[in-house]
Amino acid sequence: MPAIKTVMRTHFVDYWLWLIVPLIVLMSSFVVNLIVSMSIGSFTTGGLMSIYGFVMSVGIAVIPMNFSFSLSFGIRRKDYFLGTISMFLLFSLIDSIALTLLRELEQFTSGWGTGLHFFDVPFLSSLSFLHLALLNFVVISHLFLFGFLLSSIVRRFGKLVLISFLLLSFIVLGTGSVLMTYWQYWGEFGRWITTYQTDILWLLAPLTLLYAFLCYMWLRKSTI
């Protein structure tokens, strides 16, 4: 346990990465969309996606920043993994509560007085505070761990394997897109997404656990 706390403190040395930069990213996007809303009136924006993209980038950046440093001071790979996961979960909890509170405030103020839907995503607006907070926690944890997974691949196998993995993913997705277009399945797929979009997000939970397992296995055998 002391070693895990040490790893978390090591991460928090870069508090600007975990706290300040995401706040700047989120508020910059929010202010821009609020100004637009003042000009054109009520509208729904996807500006909230900026914070989700940043969360994944943090997951990617963590290993290059302090993995070798931590191990050079005698931290075991297992403790580094547990400390990093604990940090991810802590900030996933903080972020999920903050975003849900902002959703509540946006609804209370009728979109900040302009009708802006920034934190209040339409297909999630009917969810209770607890339900939305849990869902946010799942999504944000998933993005943290997905970024961590990509970085773990590089640490264990090298950049070439990661590039190959991404290219294969693009090929598979591209082929699937062509086939769906050929068989005209996009309409049916869109209706399925619209009907079950909230349930689909919950499927990220088992994927997150899989990412964590793979990261642990690869970091155990990675070089410093």
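Student: How does the lining of the largest pocket divide by class into nonpolar, polar and charged residues?
Tutor: Happy to start there, and keep in mind that this is a predicted model. The largest pocket holds about 420 Å³ of space. Its lining is made up of 24 residues. By class, these are 16 nonpolar, 6 polar and 2 charged.

Student: Which residues lie nearest the centre of the largest pocket?
Tutor: Two or more lining residues come from each of helix 3, helix 4 and helix 6. Of the 24 residues in the lining, those nearest the centre are Leu48, Met49, Tyr52, Val121 and Leu124.

Student: Which helix gives the most to the lining of the largest pocket?
Tutor: The elements giving two or more residues are helix 3, helix 4 and helix 6. The one that gives the most supplies 6 residues, and that is helix 6.

Student: What about the second largest pocket: which elements give two or more residues to its lining?
Tutor: This pocket has a volume of about 210 Å³. Among its 13 lining residues, Pro22, Leu23, Leu26, Asp95 and Ala98 lie nearest the centre. The elements that give two or more residues are helix 2 and helix 4.

Student: How many residues in the lining of the second largest pocket are charged?
Tutor: The lining has 13 residues. By class, 12 of them are nonpolar and none is polar, which leaves the charged ones, and their number is 1.

Student: At what angle do helix 2 and helix 4 cross?
Tutor: Helix 2 covers residues 15-40 and helix 4 covers residues 77-108. Their axes come within 12 Å, and the crossing is right-handed. The angle is roughly 35°.

Student: Which residues of helix 4 make the contact with helix 2?
Tutor: On the side of helix 2, the contact is made by Trp18, Leu19 and Leu26. By class, the contact has 7 nonpolar residues, with no polar and no charged ones. The partners from helix 4 are Met87, Phe88, Phe91 and Leu99.

Student: Which helix supplies the largest share of the lining of the largest cavity?
Tutor: Helix 2, helix 3 and helix 4 each supply at least two residues. By class, the lining has 9 nonpolar, no polar and 1 charged. The largest share is 4 residues, and it comes from helix 3.

Student: Which residues line the second largest cavity?
Tutor: The volume here is about 30 Å³. Helix 2 and helix 3 each supply at least two lining residues, and the largest share, 3 residues, comes from helix 3. By class there are 4 nonpolar, 2 polar and 1 charged. The lining residues are His11, Asp14, Leu17, Trp18, Val62, Met65 and Asn66.

Student: Is Ser151 buried or exposed?
Tutor: Ser151 sits in helix 6, which covers residues 129-157. Leaving aside neighbours within four places in sequence, Ser151 is in contact with Gly59, Ile60, Ile63 and Pro64. Its relative accessible area is 6%, and buried means under 20%, so Ser151 is buried.

Student: Which residues does His142 touch, not counting those up to four places away in sequence?
Tutor: His142 also lies in helix 6. Because its relative accessibility is 10%, under the 20% limit, His142 counts as buried. The residues it touches are Leu204, Leu207, Thr208 and Tyr211.

Student: Why does Leu82 count as partly exposed?
Tutor: Leu82 has its place in helix 4. Buried means under 20% relative accessible area and exposed means over 50%, with partly exposed in between. Leu82 falls in between because its relative accessibility is 31%.

Student: How many Å apart in space are Leu82 and Met8, C-alpha to C-alpha?
Tutor: In sequence, Leu82 and Met8 are 74 residues apart. In space, from C-alpha to C-alpha, the distance between Leu82 and Met8 is 9.1 Å.

Conventions. Residues are numbered from 1 along each chain as its sequence is written. This is a predicted model: local features need pLDDT of at least 70, side-chain atom pairs count only at pLDDT 80 or more; totals for chains, interfaces and linings use all residues. Side-chain values use heavy atoms; hydrogens and water are left out. Axes are lines fitted to C-alpha atoms, for helices over the stretch in contact, and angles run from 0 to 180 degrees between N-to-C directions. A crossing is left-handed if the near helix is turned anticlockwise from the far one by less than a right angle, and right-handed if clockwise. Contact means heavy atoms within 4.5 Å. Ala, Val, Leu, Ile, Met, Phe, Trp, Tyr, Cys and Pro count as nonpolar, Asp, Glu, Lys and Arg as charged, and the others, Gly among them, as polar. Buried means under 20% relative accessible area, exposed over 50%, partly exposed in between (1.4 Å probe, protein chains only). On a 1 Å grid over the protein atoms alone, a cavity is a set of points where a 1.4 Å probe fits but cannot get out, and a pocket is an open set with protein on both sides within 12 Å along at least five of seven lines; lining residues have an atom within 4 Å of a point. Grid points are joined across faces, edges and corners, and a volume is the space filled by probe spheres set on the points.
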